[in-house]
Every structure is written in C-alpha cells, then in structure tokens.
Amino acid sequence: VQLQASGGGLVRAGDSLSLSCTASGPSASSSRGFSTWRMGWFRQNPGQEREFLAAIAWETYYADSVKGRFTISRDNAKNMVSLQMNDLKPEDTAIYYCAAARDLQSSAANVGDYDFWGQGTQVTVSS
C-alpha cells in the first residue's frame, strides 16, 4: 500500500489549504481495502512527537486544537482522504502525514495504531 499526500505549501495566517491523500496498490482496492480503513491526518515538527489531527471511519474524530477549523472527508471511489484547513495559524506549520488503519477497534489518535503512512507534505503558515 502506498499513500501519497499532496497539497502542502506556503500560506499566510488566516488562509485556507486543502490536503489530499490517495491510496494505491492491490490491497487498497480490494474488498478489505481503503473503504474499510480508518484514515487519519497527523502532523509533526522536528524534535516533536507526531500529533493527531483528525480521522475518519464511519465517524469523524478531531483533536481539540483543530476542531472547528479543519474538516476531514473521504471519497472511497477514488481511495482518497482530504483535509480542509481553514483559518490557518503560524502554529499549524508542520509536515502533515496521512495514515491508514485497518483495525477500526484501535485508537483513532494513536500513532502506533496506524498501519500505513504517507511521505508527508510541508505546510508553512506565515504570520
């Protein structure tokens, strides 16, 4: 399984940005593939732990730090998960990662409960 994240860039505080992540590979398109996985978005800065942002399975989950500003969505027909980020702040600057978890009973916010990770896309928010 490969997860390809895109959409990062340099924006100003208050701007919006949309990230996308597409899953590919035979497993992703199988009957137990993408449509059955929980998809999540995390971010990380150098020297810091990877931070949970949002996840989507049958429900959506958000970290308090982004609730009301970020929206996660998915398109199972395209094996794609997106993260719409509004009212961006300088502290949102980080490398953003998408991830996939096959076990829906695992924790949505736990890095260790995700099986596949994308390569990351840089988001920089200037003040």
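**View A. Arginine 74 over phenylalanine 34.** Arginine 74 lies over the face of phenylalanine 34, 4.8 Å from the ring centre. To count as a charge over a ring, NZ of Lys or CZ of Arg has to be within 6 Å of the ring centre and within 35 degrees of the ring normal. A second case is arginine 50, whose charged end sits over the ring of tryptophan 117 at 4.8 Å from its centre. A word on the model: it is predicted, so local features need pLDDT of at least 70 and side-chain atom pairs count only at pLDDT 80 or more, while totals for chains, interfaces and linings use all residues. Residues are numbered from 1 along each chain as its sequence is written, and side-chain values use heavy atoms, with hydrogens and water left out.

**View B. Aromatic pairs.** Searching the whole structure turns up six aromatic pairs. Tryptophan 37 and phenylalanine 116 have ring centres 5.6 Å apart and planes at 45°, so this pair is tilted. For the record, rings of Phe, Tyr and Trp (its six-membered ring) pair if their centres lie within 6.5 Å; planes under 30 degrees apart are stacked, over 60 edge-to-face, and the rest tilted. Tryptophan 37 sits in the loop between α1 (26-29) and β4, and phenylalanine 116 in strand β10 (residues 116-117), so the pair ties together parts 79 residues apart in sequence. Helices (H or I, at least four residues) and strands (E, at least two) are DSSP runs, numbered from the N terminus. Tryptophan 37 counts as buried, at 3% relative accessibility; the cut-offs are under 20% relative accessible area for buried, over 50% for exposed and partly exposed in between, with a 1.4 Å probe and protein chains only. Elsewhere, ring pairs link Phe42, Phe52, Tyr114 and Trp117 into a cluster.

**View C. The largest nonpolar core.** This core has 37 residues, and Trp41, Leu83, Met85 and Tyr96 touch the most other members. Strands that each supply at least two residues include β1 (2-6), β3 (17-24), β8 (80-85) and β11 (121-126). β9 gives the most, with six residues. Membership takes a buried Ala, Val, Leu, Ile, Met, Phe, Trp, Tyr or Cys, joined through side-chain atoms within 4.5 Å.

**View D. The open sheet β1-β3-β8-β7.** These four strands form an open sheet in that order, with antiparallel pairing. β1 and β7 are the edge strands, each with a single partner, so one side of each has no neighbour in the sheet. From one strand to the next, the twist averages 15°, an angle between N-to-C directions of lines fitted to C-alpha atoms, on a scale from 0 to 180 degrees. Pairing here calls for at least two DSSP bridges between strands. β1 and β3 are joined by five bridges, with leucine 3 partnered by alanine 23. β3 and β8 share six bridges, and serine 18 stands opposite glutamine 84 in β8.

**View E. Strand β11 and its partners.** β2 (residues 9-12) pairs with β11 in the parallel sense over four bridges, and arginine 12 stands opposite serine 126. β9 pairs with β11 in the antiparallel sense over three bridges.
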